[in-house]
Amino acid sequence: MLPISKKGKEERSVLIVSGSDKVYDYIVDLLPQKEFYPISRASSAGEARRILVSQVYDILIINTPLPDDFGIELAYDFADSPTCIMLMVKDEIFNEVVYQVEDAGIATIAKPSNKTTIYNTIKLLSAMSSKLKKMEKKNRTLEEKMNDIRVMNHAKWLLIDKKKITEDEAHHLIEKHAMDRRISKREAAQEIISDYEK
């Protein structure tokens, strides 16, 4: 018996781009609402672009060909975004399309495909989406820490230069300023920078 995770499942937002109602309905029926929500639809590449300009989706599924574009260009347009992308293409061009798009991190499945293949591919995209979100969060945290260090160092060197004190003394001054004002060390450093760079 598998251990049960206590962590709740995070819902994945999905945009299905398909000129065919039948394919859209087929995919929607495969996706449990407790795991995939909201599920939106665009009927063309143009409509999908308009939607994706204002909203980020975890998963983008493109059923090719689209009425106004084959669909590969649309996939490429969003390949560098945090959205995980799946192209559905006819079996006879599957290898050619995979060769074109796999280096961009775009998943491709051949049509017709059975429910298991489509569902499993979407679940893989869901897992990739989860990993990408964690990496993005780590990168943001790291970037914030780097910015804090830059601000602190800037304030320290201003204090060293203006007050003719050591680096340790400058560090203690920033800490004391933060404690006295009940603010973070970064905010204290920013205030010091503002005071000396007026």
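Partly exposed, a label you'll meet a few times on this tour, means a relative accessible area between the buried cut-off, under 20%, and the exposed one, over 50%. Glutamate 167, for instance, is partly exposed because its value is 39%. Keep in mind as you click around that this is a predicted model.

**Stop 1: glutamate 167 and its partner**

Select glutamate 167 together with lysine 156. Their side chains meet in a salt bridge, with 3.6 Å from N to O. Glutamate 167 belongs to helix H6 (residues 167-181), lysine 156 to helix H5, and the two are 11 residues apart. Is lysine 156 buried or exposed? With a relative accessibility of 10%, lysine 156 counts as buried.

**Stop 2**

Glutamate 175 is partly exposed at 25%, and lysine 185 is partly exposed at 40%.

While you're looking at charged side chains, select Glu10, Arg12, Asp58 and Lys133. Salt bridges with shared partners join these four into one network. How many salt bridges does a search of the whole structure find? The answer is 14.

**Stop 3**

Now go to lysine 123 and glutamate 35. They form a salt bridge too, and the closest N and O atoms are 2.4 Å apart. Lysine 123 is in helix H5, while glutamate 35 is in the loop between H1 and S2, which puts the partners 88 residues apart. Lysine 123 is partly exposed, at 25% relative accessible area, but glutamate 35 counts as buried at 12%.

**Stop 3: helix H1**

Highlight residues 21-30, which make up helix H1. Which of its residues are buried? Colour Tyr24, Ile27 and Leu30 to see them. Look down the helix axis: the buried residues fall within an arc of 125°, so they line one face of H1.

What do the buried residues pack against? Show strands S1 (12-17), S2 (36-42), S3 (59-63) and S4 (84-90), plus helix H5 (115-163), and you have their packing partners.

**Stop 4: the nonpolar cores**

Select Leu15, Val17, Ile62, Leu74 and Leu87. These have the most contacts inside the largest nonpolar core, a group of 21 residues. At least two residues of this core come from each of S1, helix H2 (45-54), S3, helix H3 (72-77), S4 and helix H4 (94-101). A separate core has 16 residues, including Leu31, Cys84, Met88 and Ile118.

Centre the view on isoleucine 62. Setting aside residues up to four places away in sequence, isoleucine 62 touches Val17, Gly71, Leu74, Ala75, Ile85, Met86, Leu87 and Met88.

**Last stop: serine 44**

Finish in the loop between S2 and H2, where you'll find serine 44. This serine counts as buried, with 15% relative accessibility. Its side chain reaches the backbone nitrogen of glutamate 47 at 3.2 Å. Leaving out neighbours within four places in sequence, serine 44 contacts Val17, Leu66, Pro67 and Asp68.

Definitions and conventions
Residues are numbered from 1 along each chain as its sequence is written. This is a predicted model: local features need pLDDT of at least 70, side-chain atom pairs count only at pLDDT 80 or more; totals for chains, interfaces and linings use all residues. Side-chain values use heavy atoms; hydrogens and water are left out. Buried means under 20% relative accessible area, exposed over 50%, partly exposed in between (1.4 Å probe, protein chains only). Helices (H or I, at least four residues) and strands (E, at least two) are DSSP runs, numbered from the N terminus. The arc is that of the directions from the helix axis to the C-beta atoms. Contact means heavy atoms within 4.5 Å. A nonpolar core is a set of buried Ala, Val, Leu, Ile, Met, Phe, Trp, Tyr and Cys residues joined through side-chain atoms within 4.5 Å. A polar contact is a pair of N or O atoms within 3.5 Å; within protein, one must be able to donate a hydrogen and the other to accept it, and residues adjacent in sequence count only if both atoms are side-chain atoms.
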